[in-house]
Amino acid sequence: MGGVLIDLDVKRSLAAFAALVNRPCTMDNAPTSVSELVTADGLLGGHTSQLIDRYQIGAVTTDQFVSAILAQCKPGTTRQQIIDAWFAMLLGIRDEKKALLRQLIEQGTNIYVLSNINDLHVEWTMTHCPELKQANRLFFSNEIGISKPDPRCYELVINETGIKPEETIYIDDLLPNIEAGRPFGFQCLHAVDDSWMETIKQRA
């Protein structure tokens with residue numbers, strides 16, 4: 001979902017967090033990490049932040065997540081500032097992607113979302129990206145207790161939806177997730193840019 005349908009700008013969150021811990025940076029020179037708790041790679045799903053990884057599978061509550069970051073922030077920092085910084089990376093779904101979703105749904109295409117996500121980002125997404133509610137099924141890591149690229153994610157989706165991987169196009173922005181999906185027989189598209197949209201339009 002994030003990085004494919006929902007546009008992300010991790011530097012926005014890193015810059016916001018850096019300001020809360022009083023580490024100067026600009027939007028063009030955001031740090032690769034604010035601390036070992038919040039890293040750029042971790043925000044992008046690269047599994048370099050244990051706190052983020054645990055939050056993504058529901059092993060850490062939102063209160064515990066915010067408290068852990070708050071403990072490293074300068075005095076006077078509020079919980080809402082941390083939440084706002086966490087949301088800053090989320091840019092929403094562009095109109096052309098909304099149009100493609102509508103087209104696919106109108107044509108009767110089955111759409112399933114498998115996303116590494118957390119409670120706060122689910123809340124934001126359901127409020128700001130209501131189009132995703134039209135998907136056949138949403139599989140969120142914080143609800144199923146496992147995250148990509150764990151093979152159990154793909155097994156769960158296959159078993160609960162009955163889809164045939166060889167007839168299913170799987171799109172992900174992270175190569176490790178794509179590689180984890182290949183053994184199941186999915187037709188994989190690595191979304192390094194928006195070219196995946198043209199591929200889908202041609203096959204629709």
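## Contacts and overall make-up

Among contacts in the protein chain with a separation of 6 or more, 58% join residues 24 or more positions apart. The model is a predicted one. Its protein chain holds eleven helices and six strands. Of the 204 residues in the chain, 45% are buried. The accessible surface of the chain is about 10,200 Å², and carbon and sulfur atoms contribute 49% of that surface.

## Confidence

The mean pLDDT of the protein chain is 88, with 87% of the residues at 70 or more. Residues 25–32 are a stretch where pLDDT stays under 50. For this stretch the model has 16 contacts beyond four places in sequence.

## The largest nonpolar core

In soluble globular proteins, nonpolar side chains tend to be buried together. Here the largest nonpolar core comprises 44 residues, and Phe65, Leu132 and Trp196 have the most contacts inside it. Two or more residues of this core come from each of helix H1 (10–20), helix H3 (50–56), helix H4 (62–70), helix H5 (79–87), helix H6 (95–106), H7 and helix H11 (195–203). H5 gives the largest share, five residues.

Leaving aside residues up to four places away in sequence, Phe65 touches Leu51, Ile52, Tyr55, Val60 and Trp86. Apart from this core lies another, of 13 residues, which includes Ile146, Cys153, Val157 and Phe186.

## Helix H4

The buried residues of H4 are Phe65, Val66 and Ile69. Viewed down the axis of H4, these buried residues fall within an arc of 90°, so they line one face of the helix. The buried residues of H4 pack against H1, H3 and H5.

## Thr125 in helix H7

Thr125 is located in helix H7, which covers residues 119–128. Its relative accessibility is 2%, and Thr125 therefore counts as buried, the cut-off being under 20%. With residues up to four places away in sequence not counted, Thr125 touches Met1, Ile6, Ile117, Pro130 and Leu132. One of these contacts, Leu132, is also among the residues with the most contacts inside the largest nonpolar core.

## Aromatic pairs

A search of the whole structure finds six aromatic pairs. One of them is formed by Tyr154 and Tyr170, with an edge-to-face arrangement: 5.7 Å centre to centre and 75° between the planes. Tyr154 belongs to helix H9 (residues 151–161) and Tyr170 to strand E5 (residues 169–172), so this pair ties together parts that are 16 residues apart in sequence. Both Tyr154 and Tyr170 are buried.

Tyr170 also forms an aromatic pair with Phe186, and this pair is tilted, at 5.8 Å centre to centre and 55° between the planes. Phe186 lies in the loop between helix H10 (175–181) and strand E6 (187–190), while Tyr170 lies in strand E5, so the pair ties together parts that are 16 residues apart in sequence. Tyr170 counts as buried because its relative accessibility is 10%. Phe186 likewise counts as buried because its relative accessibility is 10%. Ring pairs link Tyr154, Tyr170, Phe184 and Phe186 into a cluster, and Phe186 is also a member of the core of 13 residues.

Note on methods:
Residues numbered from 1 in each chain as written. Predicted model: local features only at pLDDT ≥ 70, side-chain atom pairs only at ≥ 80, totals over all residues. Heavy atoms only, no water. Helix = DSSP H or I, 4+ residues; strand = E, 2+ residues; numbered from the N terminus. Buried < 20%, exposed > 50% of the residue type's maximum accessible area, 1.4 Å probe, protein only. Contact = heavy atoms within 4.5 Å. Areas by Shrake-Rupley, 256 points an atom, 1.4 Å probe, with all protein chains shown as cover. Core = buried A, V, L, I, M, F, W, Y, C linked by side-chain atoms within 4.5 Å. pLDDT = per-residue confidence, 0-100. Arc of directions from axis to C-beta. Phe/Tyr/Trp six-rings, centres within 6.5 Å; stacked < 30°, edge-to-face > 60°.
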